[in-house]
Amino acid sequence: MPTDSPAPTSRRSSTSSAASSSSSSLDSDLAQLTLDPKTQALLDSFYQSEADRESKLQELKRSAGGGNGDEDGSREDAAEGAVDGGEIEPISVDTFRELFKEDWQISQFWYSTPFATSLSAYISSCLPSPTSPVAFLCCPTGFVAFQHQHAQNRERRRQTKLWEFDERFGLLRKENFVKYDLNNPEEFPEEWKGSVELAVVDPPFMNEITNLNLAKTLKALLHPTRGRLILLTSTSVEHHFENVYGEPPLGPLKRVEELVVRHEGGLSNGYGVWSSFEVQQ
């Protein structure tokens with residue numbers, strides 16, 4: 001057996017030396033890599049935009065948590081934001097879209113600001129009374145636009161709730177948020193049954209089962225004589241309306257021709273608005 005074979009350490013030493021040389025060469029190459037000015041500017045703008053968004057979101061979280069409130073009940077006011085008299089101003093649709101990114105996995109697509117504004121004005125014209133309880137089901141952009149329109153009307157905002165699965169929207173104001181699961185359509189607080197006079201609904205999925213589940217909720221939720229429904233959805237499910245929304249207070253539904261649905265990102269599906277009532281001019 002040979003006795004003059006290389007010591008085991010010689011291979012490790014050689015490998016280490018080679019790795020060190022390779023690393024130095026890589027560092028040198030990376031040091032020479034630079035983005036062109038336009039690309040770097042776009043990247044910097046993106047990072048700044050994300051930093052700004054995160055800062056605003058953290059501020060909203062602090063407000064929602066009542067961090068500016070005291071122990072005598074003003075915490076509720078602190079959770080809304082500052083308007084005249086010390087309340088917090090409801091955020092705009094533009095701010096909402098900036099802070100809350102769409103989650104396509106649960107079929108979230110936000111309305112454009114012009115359409116959300118038009119929808120809010122239409123909803124306001126449809127209220128049975130100034131204090132009618134209103135529920136937005138799976139329709140956060142509509143809720144935000146409506147609350148923003150009525151920024152100076154605290155009682156109107158208090159009577160308006162957002163029913164949603166996505167708990168992020170509890171940050172908008174937890175007292176206006178109701179956790180809602182389409183898979184359990186009849187599971188919600190007992191005090192809401194038969195109390196809502198206007199429901200605004202945008203089914204997240206375009207199929208019959210989603211609409212049937214929403215209809216179960218609406219039948220229990222809407223006031224039996226004063227209840228009204230506004231439905232925003234794809235024209236592809238219109239053939240289900242008679243079966244799902246055929247009877248009062250859910251229907252029969254009529255197309256609202258003056259409203260043309262527009263989503264900020266654009267959708268290829270044809271969309272429309274329907275209501276279960278006639279608006280008195």
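In which loop is Phe-169 found? In this predicted model, Phe-169 lies in the loop between β2 (160–164) and β3 (177–179); helices (H or I, at least four residues) and strands (E, at least two) are DSSP runs, numbered from the N terminus. Residues are numbered from 1 along each chain as its sequence is written, and side-chain values use heavy atoms, with hydrogens and water left out. Because the model is predicted, local features need pLDDT of at least 70 and side-chain atom pairs count only at pLDDT 80 or more, whereas totals for chains, interfaces and linings use all residues.

The pLDDT, the predictor's confidence in each residue from 0 to 100, averages 81 over the protein chain, and 70% of the residues score at least 70.

Phe-169 is buried, with a relative accessible area of 1% (buried is under 20%, exposed over 50%, partly exposed in between; 1.4 Å probe, protein chains only). Apart from neighbours within four places in sequence, the contacts of Phe-169 are Phe-96, Phe-100, Gln-108, Trp-110, Pro-140, Leu-162, Glu-164 and Phe-177. The C-alpha atoms of Phe-169 and Lys-179 are 9.5 Å apart, at a sequence separation of ten residues.

The strands form an open sheet of seven, in the order β3-β2-β1-β4-β5-β7-β6 and with mixed pairing; two strands pair if DSSP finds at least two bridges between them. β3 and β6 (254–255) stand at the edges with a single partner strand each, so one side of each has no neighbour in the sheet. β5 and β7 are antiparallel and share five bridges; Ser-234 has Tyr-271, in β7, as its bridge partner. Helix α6 packs on the sheet against β1 and β2, at about 165 degrees to β2. Helix α8 (residues 208–221) lies across β1, β2, β4 and β5, at about 170 degrees to β1. Axes are lines fitted to C-alpha atoms, for helices over the stretch in contact, and angles run from 0 to 180 degrees between N-to-C directions.

Notes
Contact means heavy atoms within 4.5 Å.
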